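I'll jot down what I look up as I go.

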Amino acid sequence: MRMRRGASVVVGLVLAAGLLAPGAAARPAEAEAEAAPRGCDPLDPAACVLPFPSDWHTVPDASTDTGRRVAFVADALPANVRGTHVDPAEWNRNDGFSPGSMVLAQVPGLDLGRTGAAPVTDIGASLDRDAPIVLLDLDTGQRHPYWAELDANADDPARRALIVRPARNLAEGHHYAVVLRDLRDADGTPLPAPDAYRKVAGKPLHPGDPLYERQRQLRPALRGLARAGIDPRGAYLVWDFTVASERGLSERMLHLRDESFRELGDEAPEFLVTEVREHGGDDAVARSVRGVFNVPSYLDRPGGPPGSGMRYGPDGLPQRAEGNVQVAAFRCEIPRSALTRPAWPGLYGHGLFGREAEVGSGAVTAFAAEHHFVLCATKWQGMADEDVAHVARTLTDLSDFHTVPDRLQQGVLNTLWLGRLMTHPDGLAADPAFAGTRGRSVLSRHAPLGFYGNSQGAIMGGMVTALSTEVRRSALGVPGMNYSTLLNRSTGFAPFQRLLDTTYPDTLDQQIGFALLQMLWDRGEANGYAHHMTDDPLPGTPRHQVLLHVAFGDHLVTPHAAEVQARTVGARVHTPAVAEGRSPDADPYWGIRPLRRLDRGSGLVVWDSGSPHQPLTNTPPDTGHDPHGDPRHDAAARLQMAWFLKTGLLVDVCGNRPCRARPRD
């Protein structure tokens with residue numbers, strides 16, 4: 001647990017900032033006031049919950065690792081067209097905000113170009129001493145890299161959000177300040193600070209002043225800025241927020257994993273093979289096997305169908321109802337080579353709203369056959385084919401959205417149990433469906449379990465990697481993380497965007513909604529676990545390696561998100577990453593170190609099949625070929641993944657040149 005903020009005060013700096021009168025001290029009544037949930041933030045009148053995220057919407061809580069707890073009130077959150085505000089109950093379980101949280105404000109008349117704010121093409125500029133936007137870690141005094149953009153989906157300038165996106169995930173449990181200063185309009189004219197902020201940043205206010213409580217809450221952050229040499233009185237706007245802790249982000253999922261496997265003990269999960277299909281002699285895959293297996297269900301409905309939420313016990317942790325079991329389907333593909341020689345075992349993760357049958361698709365079976373892998377898959381329940389209608393329903397009332405990451409957590413547990421089925425001698429290896437020509441299992445007992453996933457399978461695969469005690473290396477095809485960044489930039493979100501435009505038509509509310517959703521999505525996607533995906537493992541978990549294969553100009557999973565992931569997990573990039581002139585960035589792949597000739601860490605490789613660079617705005621691509629599926633269909637890319645999964649080596653298969661993939665027809 002980190003030290004509580006404000007344990008020491010540099011009196012001279014405090015007085016210089018005009019924040020505390022000599023001899024003044026916090027009164028017990030003030031502490032009591034802070035413990036009560038607050039309503040609208042007076043600093044940004046555009047929306048009740050702006051600026052976001054903000055500790056204005058938290059309260060002290062000694063039971064959490066941050067010392068704080070989110071405390072939204074319903075009236076502060078967006079309402080749908082029926083006038084129903086988002087129910088804050090699930091958000092108020094959190095001890096802080098998302099480590100990948102978009103930072104939001106509404107600044108009338110703002111022109112980011114004339115202001116000189118760091119765009120996505122020049123992230124390094126966000127750390128300049130005179131940068132007009134500062135994201136400061138108040139616990140370390142260090143500035144954090146980001147890029148800034150205005151919501152390109154807003155037609156009404158009065159409802160256009162300023163969005164600041166961390167270029168590397170924020171540190172868990174840390175306290176941050178956001179500084180907006182020297183902002184300019186399209187003519188280059190400085191924008192005056194809002195009256196409310198000028199008063200809050202000015203001389204001490206009387207307890208009867210309407211802004212007194214806001215000034216008192218912000219005081220520690222303003223002191224921190226003064227220590228960092230930033231004068232908050234000259235800013236346009238300043239606010240602070242706390243990032244959720246490691247325990248707050250991962251405790252639920254670790255509980256599911258540890259309790260369920262402890263109860264399983266040394267046994268293999270229960271399973272049943274339901275279908276064995278033998279393929280013809282010319283097929284590289286010899287056999288497809290389908291079946292089901294039982295997994296303890298922590299959801300609140302028997303069997304955990306779509307719409308189920310997590311069932312919590314009195315301790316606030318997921319609690320399984322007696323006898324509640326998830327019956328999960330699996331499918332395995334056995335290459336012909338495995339019939340005579342046991343093969344490497346691998347879990348496979350399917351794409352958006354797909355199903356386990358994707359493991360039998362052409363590029364995936366080609367990988368298995370070429371490189372001697374038996375691949376097995378189950379559904380990413382929560383975002384599988386059976387979940388489409390329910391996910392759409394949650395966009396009519398975001399109060400119900402928690403059920404999506406709740407089922408995703410159960411789906412990840414199912415995947416971990418399938419991994420145990422693949423490695424346990426009494427699991428799949430003991431069934432006749434997995435016997436080779438000499439009666440031996442097609443699954444090697446000596447080769448480690450790997451993970452291979454594409455698209456959503458790669459996003460969720462990052463979470464599986466961080467949590468798995470058996471998978472040590474994962475190959476993630478066209479990956480990313482942080483759905484609040486991904487959604488607007490994906491062509492796959494278009495049908496859901498049309499629904500959102502109907503139920504939450506205000507574009508500013510939509511951006512707030514994405515930021516709110518991410519706070520819950522962190523429980524069930526890679527973003528909430530990224531700090532522990534490689535070299536800083538979660539409790540009871542080994543270190544891992546990941547290989548990220550990015551499709552240049554991807555239409556479905558923006559490469560911007562993969563770059564944030566690479567910076568967060570410490571992956572190195574293959575260089576030259578792209579040909580000269582292909583990247584619009586001032587410093588392409590800023591903040592990602594280059595791979596060495598033979599590297600054993602984690603890596604990012606960009607596969608270019610000639611498509612245009614993705615938009616620099618928060619909009620989906622609308623021109624050119626979609627390269628999303630090209631890397632997995634490239635034999636060299638598959639070879640690189642296989643070498644990585646088997647040896648941990650990041651081998652250059654592109655001859656010290658940019659990696660190129662052939663466009664699919």
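I started with C659, which counts as buried at 0% relative accessibility (buried means under 20% relative accessible area, exposed over 50%, partly exposed in between, with a 1.4 Å probe and protein chains only). A disulfide joins C654 to C659, S to S 1.9 Å (a disulfide being a pair of cysteine sulfur atoms within 2.5 Å). The torsion about this S-S bond is about 110°, so I noted the disulfide of C654 and C659 as right-handed.

Before going on, I reminded myself that this is a predicted model, where local features need pLDDT of at least 70 and side-chain atom pairs count only at pLDDT 80 or more, while totals for chains, interfaces and linings use all residues. Residues are numbered from 1 along each chain as its sequence is written, and side-chain values use heavy atoms, with hydrogens and water left out.

**The other disulfides**

How many disulfides does the structure hold? I found three. With bonded cysteines counted along the chain, they follow the pattern 1-2, 3-4, 5-6.

C40 and C48 make one of them, with sulfur atoms 1.8 Å apart. Here the S-S torsion is about -105°, so the disulfide of C40 and C48 is left-handed. C40 is partly exposed, at 48% relative accessible area, whereas C48 is buried at 16%.

C332 and C376 also form a disulfide, sulfurs 2.0 Å apart. C332 sits in strand β12 (residues 325-335) and C376 in strand β14 (residues 373-377), so the pair ties together parts that are 44 residues apart in sequence.

**A sheet and a hairpin**

Next I looked up a three-strand open sheet, ordered β3-β7-β6 with antiparallel pairing (two strands pair if DSSP finds at least two bridges between them).

Five bridges join β6 to β7 (residues 162-166), and W147 stands opposite R165 in β7.

Last entry: β10 (residues 271-278) and β11 (residues 285-296) pair antiparallel over seven bridges. β10 and β11 form a hairpin with six residues between them. Across that pairing, E275 stands opposite R290 in β11.

Technical notes
Helices (H or I, at least four residues) and strands (E, at least two) are DSSP runs, numbered from the N terminus.
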